[in-house]
Amino acid sequence: MAWMANMIRRTVATENQEQRALVRWIKMQPLIADYLVKLNNEGKRTEAQGWNLKLMGMCVGASDLFLAYPVSQFCGLWLEIKQNRPYTTSERMKDSWRAQESFLERMRFVGFAGEFCYGFEHGIKIVERYLEK
């Protein structure tokens, strides 16, 4: 039975794969291709590295991608990329998830759009809806 669980896990794209697919799609859209920014906010670091990055402006909870292309209602679009799978309540209650939610709330408050994106197909829908506004 363990082999079956491993096989199922392998069929679900990783968060990294989902993000790379979405970035590839965005880069093929002439209108927005040059306006996508990737924030390097994830990953494990030593305490000293984390401290240095905070001094350099790293923001806890900042989204993975920013589309710096304004539309009529919004100044830009923040995207927090997640793997396309169900998440448990305990996963959503982790400090990192709550920091991401808080970041998106603050960005929305000052005029940006911001969404959690569950897989690259969901990301495409979010970007297309954003561009229609």
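Analyst: We'll go through the sheet, a helix packed on it, and then the cores. Keep in mind that this is a predicted model.

User: Good to know. How many strands form the sheet, and in what order?
Analyst: There are 4 strands, arranged β1-β2-β3-β4 in an open sheet with mixed pairing.

User: Which ones stand at the edges?
Analyst: β1 and β4. Each has a single partner strand, so one side of each has no neighbour in the sheet. On average, neighbouring strands are turned by 25 degrees against each other, ignoring direction.

User: How do β3 and β4 run, parallel or antiparallel?
Analyst: Parallel, and 6 bridges join β3 to β4.

User: And what stands opposite Glu80?
Analyst: That would be Phe116, in β4.

User: Okay, helices now. What does α2 lie across?
Analyst: α2 lies across β1, β2, β3 and β4, and runs at about 145 degrees to β3. Helix α5, residues 95–109, lies across β3 and β4, at about 145 degrees to β4.

User: Back to α2. Which of its residues are buried?
Analyst: Glu18, Gln19, Ala21, Leu22, Trp25 and Ile26 are buried in α2. They cover an arc of only 160 degrees around the axis, which is why they end up on the same side of α2.

User: What's on the face turned away from that?
Analyst: The exposed residues Arg20 and Arg24 are carried there.

User: And what covers the buried residues?
Analyst: The cover for α2's buried residues includes β1, β2, β3, β4 and α6.

User: Switching topic: how many residues are in the largest nonpolar core?
Analyst: It has 17 residues, and those with the most contacts inside it are Leu22, Ile26, Leu77, Leu79 and Val127. The elements giving two or more residues to this core are α2, β2, β3, β4 and α6.

User: Which element gives the most?
Analyst: α6 does, with 4 residues.

User: Let's zoom in on Val127. What is it in contact with?
Analyst: Setting aside neighbours within four places in sequence, Val127 is in contact with Trp25, Ile26, Ile32, Leu67, Leu77 and Leu79.

User: How many residues does the second core have?
Analyst: That separate core has 10 residues, including Tyr87, Leu104, Phe112 and Phe116.

Terms used
Residues are numbered from 1 along each chain as its sequence is written. This is a predicted model: local features need pLDDT of at least 70, side-chain atom pairs count only at pLDDT 80 or more; totals for chains, interfaces and linings use all residues. Side-chain values use heavy atoms; hydrogens and water are left out. A nonpolar core is a set of buried Ala, Val, Leu, Ile, Met, Phe, Trp, Tyr and Cys residues joined through side-chain atoms within 4.5 Å. Buried means under 20% relative accessible area, exposed over 50%, partly exposed in between (1.4 Å probe, protein chains only). Contact means heavy atoms within 4.5 Å. The arc is that of the directions from the helix axis to the C-beta atoms. Two strands pair if DSSP finds at least two bridges between them. Axes are lines fitted to C-alpha atoms, for helices over the stretch in contact, and angles run from 0 to 180 degrees between N-to-C directions.
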